[in-house]
Amino acid sequence: MYDAIVTTGRKNQKSSIDLAKNTAVKLNIPFVERQNLSTSALAEMHNVKYVLVAKNNSLRLVTENNEIFFHPSLAHLRIKNCLKGEGDRLIEAMNLQRGMKVLDCTLGLGADAIVESFAVGEEGSVTALEINPYLAAIVEHGLHNFTDNNDSVLKAMHRVKVVNVDYMDFLRNVADDSFDVVYFDPMFRHPLERSTALNPLRDIVDRRAVTPEAIAEARRVAKYRVVLKENAKSLEFKRLGFENICGGKYSPIHYGVML
């Protein structure tokens, strides 16, 4: 039984139909014609929770409460700042250098993965894992098809490799020291109220807390360090054994670093 369908925008352009049909095959869910119906009507008609919409060479996921789509978001500004010689706290926490191999266990909408890709350059690599197949499909398509006038942002996006998998399954099945840095950005135990960009994700995102077993596997897989992003006031750092915490004095976000 499936919990989603794929359709197009109300204007059935051939490119949108092709994208919708290809996505349906990839995700093994039905393609349905839009028939000028609302997405909520389609969801009710087919008894599904989610409707993926292919429109203008992009994919959007419509849930009961939100519409989720890819956008480089703050990654664009962060890369622009890096090009001007300003620092980035994530890059500093991960100590990223050109040529490094990064495993990002929690892709989400991909902003951090894009910044990581920029930092390691074309000599390096970023493998980004996402357990939700619909979110993985949206972001993977967006990374390769979003248009931007910043060549550095585009190249960084294109280099990110997206894998639809549970990060625990992935970690358990890769060799020791397969990556230089392993990164976790789970949904915060206590969400930041101002994080409006991430609020739509709460309908579909993996809400599990990172476990000590995951950290142990990550330490085995990482050559140099494991990094956890969390609310600055979070108790997760202590629970998981992160003693080295970095972040701005007034920043709501901190990074735990384990060597």
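**Entry 1. One residue and its surroundings.** I began with the contacts of Ser125 in this predicted model. Leaving aside residues up to four places away in sequence, I found that Ser125 touches Met100, Lys101, Val102 and Val120. I then looked up where Ser125 sits, and found it in strand S6. Is Ser125 buried, partly exposed or exposed? Its relative accessible area is 25%. Buried requires under 20% and exposed over 50%, so Ser125 counts as partly exposed. I also checked Ser125 against Asn244: the two are 119 residues apart in sequence, and their C-alpha atoms lie 25 Å apart in space.

**Entry 2. The sheet.** I next asked in what order the strands of the sheet are arranged. Seven strands form an open sheet, and I read the order as S7-S6-S5-S8-S9-S11-S10, with mixed pairing. Strand S7 (160–164) and strand S10 (244–246) are the edge strands; each has a single partner strand, so one side of each is left without a neighbour in the sheet. From one strand to the next, the twist averages 20 degrees.

Entry 3. As for Val227, its bridge partner in S11 is Val257.

**Entry 4. Helices across the sheet.** Helix H6 (residues 133–145) lies across strand S6 (125–130) and S7, and its direction is at about 160 degrees to S7. Helix H9 (residues 212–221) lies across strand S8 (179–184), S9 and S11, and runs at about 145 degrees to S9.

**Entry 5. The whole chain.** I counted out the secondary structure of the protein chain as ten helices and eleven strands. Its radius of gyration is 19 Å, close to the 18 Å given by the globule rule for 259 residues, so the chain is as compact as a globular protein of that length. Along the principal axes, the C-alpha trace spans about 55 × 40 × 35 Å. I recorded 52% of the 259 residues as buried. Of the contacts with a separation of 6 or more, 71% are between residues 24 or more positions apart. Finally, the protein chain exposes about 13200 Å², of which carbon and sulfur atoms supply 49%.

Notes. Residues numbered from 1 in each chain as written. Predicted model: local features only at pLDDT ≥ 70, side-chain atom pairs only at ≥ 80, totals over all residues. Heavy atoms only, no water. Pairing = 2+ DSSP bridges. Helix = DSSP H or I, 4+ residues; strand = E, 2+ residues; numbered from the N terminus. Axes fitted to C-alpha atoms, helices over the stretch in contact; angles between N-to-C directions. Contact = heavy atoms within 4.5 Å. Rg over C-alpha atoms; globule rule 2.2 N^0.38 Å. Buried < 20%, exposed > 50% of the residue type's maximum accessible area, 1.4 Å probe, protein only. Areas by Shrake-Rupley, 256 points an atom, 1.4 Å probe, with all protein chains shown as cover.
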